[in-house]
Amino acid sequence: MKSSKIVKTRKYRLEMNDKILNSGFNDFKKFFALDNKAYLQGAIPVKYKELMGLVGSMVLRCNDCIFYHLDRCVTEGVTKEELYEAMNIALIIGGSIVIPHLRYAFEVLEELQTTAEIAPED
């Protein structure tokens, strides 16, 4: 059974995004479309784009974004070792202020591991 925190967070994101996108303000839709397009398959595979999103989210200290990109990384089959290396880059770039968000990322990752299998290390 999926963690209630994960289900609750996913549900909240979907509901609020729906409200934003159906608000009638088209600039919101334009930005969301641009954001979505940036993470589509291209010269750089999706899983690496999600890892980049995770690093940026950790450096910018956005827990909502950290959750989202970790969730996507798991979906895209990112290994634990790949996640750890990406998180280390965030720590190196951002410094010690990233540590609380590294803790949060580990908490989320632990919960995601109970709901989906993380790919084994290569």
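Start by selecting helix 4 (residues 63-75), which gives the lining of the largest pocket its largest share, 8 residues. Helices here are DSSP runs of H or I with at least four residues, numbered from the N terminus. You are looking at a predicted model, in which local features need pLDDT of at least 70 and side-chain atom pairs count only at pLDDT 80 or more, while totals for chains, interfaces and linings use all residues. Residues are numbered from 1 along each chain as its sequence is written, and side-chain values use heavy atoms, leaving out hydrogens and water.

**Stop 1: the pocket**

Now select Arg-13, Asn-17, Phe-32, Asp-35 and Tyr-68, which lie nearest the centre of the largest pocket among its 26 lining residues. Helix 1 (4-21), helix 2 (26-38), helix 3 and helix 4 each give two or more residues to this lining. A pocket is an open set of points on a 1 Å grid over the protein atoms alone, where a 1.4 Å probe fits, with protein on both sides within 12 Å along at least five of seven lines; lining residues have an atom within 4 Å of a point. The lining divides into 12 nonpolar, 7 polar and 7 charged residues. Here Ala, Val, Leu, Ile, Met, Phe, Trp, Tyr, Cys and Pro count as nonpolar, Asp, Glu, Lys and Arg as charged, and the others, Gly among them, as polar.

**Stop 2: helix 1 against helix 4**

Axes are lines fitted to C-alpha atoms, for helices over the stretch in contact, and angles run from 0 to 180 degrees between N-to-C directions. Select Ile-6, Thr-9, Arg-10 and Arg-13 in helix 1, which meet Asp-64, Phe-67, Tyr-68 and Asp-71 in helix 4. Contact means heavy atoms within 4.5 Å. This contact has 3 nonpolar, 1 polar and 4 charged residues.

**Stop 3: helix 3 beside helix 4**

Next, show helix 3 (residues 46-60), which packs with helix 4 at an angle of about 160 degrees, the axes 9 Å apart. That makes helix 3 roughly antiparallel to helix 4. Their contact has 9 nonpolar, 3 polar and 2 charged residues.

Conventions. Angles under 35 degrees count as roughly parallel, over 145 as roughly antiparallel, 65 to 115 as roughly perpendicular and the rest as oblique.
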